[in-house]
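I would like to walk you through one chain, and I will give the cut-offs as I go along.

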Amino acid sequence: MSLADTARSMGKAFRTFGVAAALTFGTQAMAAAPAAPVAAEAAAPVAAAPAAAASDSAAPAVAAEAAPVDKGYYTPMKPTPGKGQPVDKGWTFQDQYSPIGEQGLWMHDVILMPIIVAISILVLVLLLVVMAKFNKRANPVASKTSHNTLIEVIWTLVPVLILVVIAVPSIRLLAHQYEPAPKGALTVKVTGYQWYWGYTYPDNGGFEVISNMLSEEDALKAGEPGHLAVDNRMVVPAGEPIRIQTIGSDVIHAFAVPSLWFKLDAVPGRINEKVLFIKEPGVYYGQCSELCGARHGYMPIAVEALPRDKFEAWVKTQPGGTVGAPAAAAPAAPAAPAA
Ligand SMILES: [Cu+2]
C-alpha cells in the first residue's frame with residue numbers, strides 16, 4: 001500500500017469517527033424523544049391536513065406505486081436511492097450536489113485529512129524513535145543538551161507554513177459560503193417551529209408550506225426513507241441560486257441538508273441568510289440540527305429541486321401561488337392565476 005493509499009484510508013477512518021460521534025448524539029436525541037406525546041399529525045397545522053388525507057386515502061391496496069398525492073400539475077418526485085440521503089453502511093460524507101459542497105468536500109479530502117494524517121504519523125514515528133533510542137538502557141549517562149537552534153527554527157517555521165497552506169483554501173471556502181445571493185434570486189424563508197418546518201415563498205405570493213414528518217409506515221409506502229420523509233416538501237428550482245432565510249418561531253432550530261453542504265441556524269427574532277445552489281433535480285433530505293426540544297429528532301427536512309418550469313407549475317398548485325410577479329408586497333391573490 002502506497003503512502004497515498006494509507007493516507008486516504010486513514011482519512012476515511014477519521015471521517016468514520018466523526019460520523020459515529022454524530023450518530024451517537026443523534027441517537028441520544030431520538031432516545032430522549034419517545035416520551036413526548038405522539039402528536040405530530042394531530043398538531044399539524046391545517047395546511048398539512050389535505051395532503052396527509054389524500055396520501056392516506058390513495059394508499060390502501062395498491063402499494064408503493066400508487067402513493068403520489070394528486071396536486072394538479074405536481075406529483076412529488078421519487079427519491080433516487082443513495083442520492084441526497086444516507087446510504088446503508090455509509091460512513092463518510094454524502095455525495096455533494098452543490099458547488100460549495102464540492103469545494104468543502106475537496107477541502108476536507110485533499111487538504112485537511114492528508115495533513116492531519118501526515119502529522120499524526122510523524123509524531124508517532126518520533127515517539128517510537130525516542131522510546132527506542134533514548135531510554136536508560138541505551139544511554140546510561142543522560143545527555144545535558146537543552147537547546148538546538150536549527151531544530152527550534154524548523155519546528156517553529158514548519159507549523160507556520162502548514163497553517164498558511166491550510167489558511168488559503170480555508171478562507172476562500174469561508175468567503176464563498178458568505179457570498180450574498182444575486183439580486184434577482186428566489187427567496188425562500190424557512191421557519192423552524194416546535195417541531196416542524198414552514199417554508200414561505202415571498203416572491204410567489206407569500207404562501208407558506210407546512211412540513212411534517214411522515215410516519216415510518218407512510219414513508220416506506222411512498223418509497224421514501226423512514227424518519228426523513230415529510231408530507232409537504234420544500235420545493236425549489238434547480239440550477240439557480242436561491243436565497244434561504246431562516247428564523248425560529250419559538251426556540252433555536254437549524255436547517256441542515258448534508259448533501260447540499262447546507263446548515264444554518266434558525267434563531268427567534270433574527271433572520272439568517274445563505275445561498276443555496278442545487279446543481280440538479282432531485283430530493284435531498286436533512287434534519288433539524290439544533291437540539292430544540294422533545295421532538296427535535298422528528299422534524300426532518302425534504303428539499304425537492306425541480307427544473308424551473310416544473311417549479312413554477314408547483315407554485316401554481318399552492319394557495320395564492322403566483323409566478324413572475326415582482327417581489328412586492330404579497331396580497332392574498334383573489335383568484336388563482338390561470339395556467
Ligand atoms: Cu428543531
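I will start with the conventions, then take the helices, the sheet, the core and finally a few backbone details.

Please keep in mind that this is a predicted model, in which local features need pLDDT of at least 70 and side-chain atom pairs count only at pLDDT 80 or more, while totals for chains, interfaces and linings use all residues. Residues are numbered from 1 along each chain as its sequence is written.

The chain holds seven helices and ten strands, where helices (H or I, at least four residues) and strands (E, at least two) are DSSP runs numbered from the N terminus. Of its 339 residues, 27% count as buried; for that term, a residue is buried if 20 or more other C-beta atoms lie within 10 Å of its own, exposed if 12 or fewer, and partly exposed in between, with C-beta atoms placed from the backbone. Among the contacts with a separation of 6 or more, 68% are between residues 24 or more positions apart, a contact being two C-beta atoms, placed from the backbone, that lie within 7 Å.

Let me turn to the helical part. The unreviewed UniProt entry places the feature "transmembrane region" at residues 111-132 and 153-175; UniProt positions are in the numbering used here, feature names are shortened, and annotations may be inferred rather than shown by experiment. In the model, residues 111-132 are 100% helix and 0% strand, with their end C-alpha atoms 32 Å apart, and residues 153-175 are likewise 100% helix and 0% strand, with 33 Å between the end C-alpha atoms.

I111 belongs to helix α4, which covers residues 99-133. What does I111 touch, leaving aside its neighbours within four places in sequence? The contacts are with I166 and P169, and the C-alpha atom of I111 is also 9.2 Å from that of S170, although these two are 59 residues apart along the chain. I111 counts as partly exposed, because it has 16 C-beta neighbours inside 10 Å.

Now to the sheet. Five strands make up an open sheet of mixed pairing, in the order β4-β10-β9-β6-β7, and two strands are taken as paired if DSSP finds at least two bridges between them. The edges are β4 (234-237) and β7 (262-266), each with a single partner strand, so one side of each is left without a neighbour in the sheet. On average, neighbouring strands of this sheet are turned by 25° against each other, direction ignored; axes here are lines fitted to C-alpha atoms, for helices over the stretch in contact, and angles run from 0 to 180 degrees between N-to-C directions.

Going through the pairs, β4 and β10 are parallel over four bridges, with V235 opposite E304. Strands β9 (residues 282-288) and β10 (residues 300-306) are antiparallel over six bridges, and here E304 is the bridge partner of V283. Helix α7 (residues 308-316) packs on the sheet, where it touches β4 and β10, and its direction makes about 140° with that of β4. At the other end, β6 (residues 253-257) and β7 are joined by five bridges in the antiparallel sense, and they form a hairpin with four residues between them, in whose turn W261 has a positive phi of about 55°.

What, then, covers the faces of β4? Both faces are covered, with M234 and V236 buried on one side and V235 and P237 buried on the other. M234 and V236 come up again in the largest nonpolar core, which has 52 residues and in which V188, M234, V236 and A302 have the most contacts; such a core is a set of buried Ala, Val, Leu, Ile, Met, Phe, Trp, Tyr and Cys residues joined through C-beta atoms within 7 Å. Strand β10 provides the largest share of this core, five residues. Leaving aside neighbours within four places in sequence, A302 has contacts that include M234, V283 and Y285.

Last, the backbone details. Q194 and W195 are joined by a cis peptide bond, with omega about 0°, and W195 lies in the loop between β1 (186-193) and β2 (196-200). K89, in the loop between α3 (48-58) and α4, has a positive phi near 60° without being a glycine, and K89 is exposed, because 5 other C-beta atoms lie within 10 Å. H227 is not a glycine either, and its phi is positive at about 70°.
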